[in-house]
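Here's a quick briefing to read alongside the structure. Have the sequence and the model open, and follow along by topic.

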Amino acid sequence: MKYSGPTDLYIAGEWTQSNSGETIQTEDPATEEKYATVQKAGASDIDAAVKAASAAVSRGSEWRKMSPDKRREKIHAMADAIEEMKDEISMVESHDNGKTPFEAGLEVDMVIDTFRYYAGWTDKVEGSEVPVSDSRINYTTREPVGVTAHISPWNFPFQLAGRSIAPALATGNSVVLKPSSMTPLSALYYAKAAEEVGLPSGVINVVPGSGSEAGGALASHEDVDHVTFTGSTEVGKTIQQDAAEAVAGVTLELGGKGPAIVLPDADLDAASRGVQYGIFMNAGQMCWANSRLLVHEDVYDEMVEKISSIAEGIPLGGGIDDDGQMGPVVSEDQQQEILDYIETGKEEGATVVAGGGTPEEKDSGHFVEPTVFADVTNDMTIAREEIFGPVLSIIEVGDDAEALNVANDSPFGLTACVWTNDLSRAHTFADQLDYGMVMVNETPNTWPQTPFGGTKQSGHGRAQGEMAINEYTEVKNVHIKL
Ligand code: NAD
């Protein structure tokens with residue numbers, strides 16, 4: 001199906017062509033056919049977007065003066081507008097990223113919930129009174145930080161942009177959103193929704209462009225007050241340095257190499273289904289994937305058997321005309337990188353027990369077979385590095401202490417899953433795991449109200465929940481001598 005959605009940049013409430021005249025050509029990863037051509041922002045477009053966002057949030061502006069209840073109405077209206085466009089956005093996301101329509105629909109649903117959740121926050125961001133010495137009143141207020149930049153990745157293009165722009169808007173900030181140039185389309189629907197609900201000009205600006213030029217110009221812009229970056233650890237480090245130019249605040253949501261720990265008392269069928277979702281959903285392109293499966297020796301053989309037979313049975317397919325359960329990966333480069341990791345795993349001595357290459361039945365599309373490695377040790381490349389594809393590494397562990405050591409022996413600290421029916425063990429693992437999110441008897445899961453983020457090289461700051469409100473507000477202390 002042909003793309004008929006927005007293709008221009010959205011700056012200061014206007015759809016506009018890029019100053020350079022350059023465009024981005026997108027490809028459908030399932031068919032390798034051209035899908036859409038959109039305007040590509042360069043540094044001068046970023047500058048225009050930041051200026052528009054700065055004006056929109058200046059004192060005296062319509063957005064800055066808007067009452068909390070009116071702002072709540074606007075954010076609810078954004079949720080409604082997105083809901084109206086759900087089918088279209090899901091289809092576009094599926095063609096742009098390769099994920100199945102079901103997966104794309106989940107993304108849109110999460111965004112709708114997130115906007116509704118944060119709409120409720122507009123009148124709940126409170127200051128406090130601070131007791132000081134006699135004849136004085138001291139209190140705090142919370143103000144928007146100002147211009148917020150959002151640089152988002154290609155794996156959940158719509159949802160990961162929405163999860164940070166919703167709290168930024170709820171707290172009265174303006175937004176410049178730069179989606180990945182690999183998947184620029186769904187982000188433009190935020191501009192469409194903003195236009196439809198009549199957000200004041202400049203409150204939302206959407207500027208697809210390359211990472212190095214547009215992303216760099218945005219992260220280092222002197223008028224940006226906060227940068228939210230979701231992407232790789234490598235680029236996250238650059239963003240933190242760039243944002244230092246303007247002493248801007250930074251929220252970093254980076255990579256992961258999450259463990260799923262299966263203890264001998266676990267429900268192995270439930271654990272296998274959970275691990276299936278945690279590594280093969282979205283073709284494994286998930287920061288919080290449980291890409292390392294740590295299995296107690298008593299149930300190791302059984303788990304290897306269960307998870308490899310699940311992997312062998314997953315039907316592949318992408319795009320909207322297919323009933324595949326796992327789509328292609330996003331690009332040829334990404335496919336090649338994953339296949340290289342699979343070769344490295346074989347060379348380093350791990351055993352392929354499912355998949356291990358590209359599917360013979362597909363003559364186009366960037367597909368990779370759901371792949372399972374057994375006999376992995378935690379020092380192998382496939383256990384240490386984020387593969388960002390449908391590749392599971394199974395490691396045998398002898399007892400709980402070893403499981404904990406192996407789980408924590410990683411440069412990342414995003415999400416860990418534990419499968420056990422022993423309450424005491426569950427709490428011990430939750431306490432001892434060096435991860436920002438721990439799931440017990442659950443595949444990686446999240447809600448708009450729960451904090452999302454990691455430790456170590458998985459980033460800092462938190463998305464979602466009340467903690468995101470803190471990322472986008474500044475405290476002001478007022479002192480009055482009576
Ligand atoms: P990426 O780091 O390559 O790109 C992310 C974004 O940064 C894109 O918009 C890109 O254009 C931009 N960018 C690239 N170089 C830049 C630069 N020098 N300056 C400014 N911007 C730049 O990541 P990706 O490949 O799009 O996404 C995959 C990565 O994202 C994985 O590592 C994954 O774990 C991580 N991720 C993390 C989370 C989380 O919440 N922790 C969620 C999803 C993805």
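This is a predicted model: local features need pLDDT of at least 70, side-chain atom pairs count only at pLDDT 80 or more; totals for chains, interfaces and linings use all residues.

A283 has a phi near 55°, a positive value in a residue other than glycine.

- A283 counts as buried because it has 31 C-beta neighbours inside 10 Å, and the cut-off for buried is 20 or more.
- K456 also shows a positive phi, near 50°, and isn't a glycine either.
- You'll find K456 in strand β19, which covers residues 455-456.
- With 18 C-beta neighbours inside 10 Å, K456 counts as partly exposed.

**The β3-β4 hairpin**
- Strand β3 (residues 23-27) pairs with strand β4 (residues 34-39) in the antiparallel sense, over four bridges.
- Looking across from I24, the bridge partner in β4 is V38.
- Six residues lie between the two strands of this hairpin, and E32 has a positive phi near 65°.

**The largest nonpolar core**
- The largest nonpolar core has 138 residues, with Y190 and I261 making the most contacts inside it.
- Helix α6 (residues 157-170) gives the most to this core, putting in eight residues.
- Both domain 1 (9-254 + 458-480) and domain 2 (259-440) supply at least three residues each to this core.
- Setting aside neighbours within four places in sequence, I261 is in contact with L294, A403, A407, C417, V418, W419 and F429.

Note on methods. Residues are numbered from 1 along each chain as its sequence is written. Two strands pair if DSSP finds at least two bridges between them. A residue is buried if 20 or more other C-beta atoms lie within 10 Å of its own, exposed if 12 or fewer, and partly exposed in between; C-beta atoms are placed from the backbone. A nonpolar core is a set of buried Ala, Val, Leu, Ile, Met, Phe, Trp, Tyr and Cys residues joined through C-beta atoms within 7 Å. Domain bounds come from an automatic or database domain assignment. Two residues are in contact if their C-beta atoms, placed from the backbone, lie within 7 Å.
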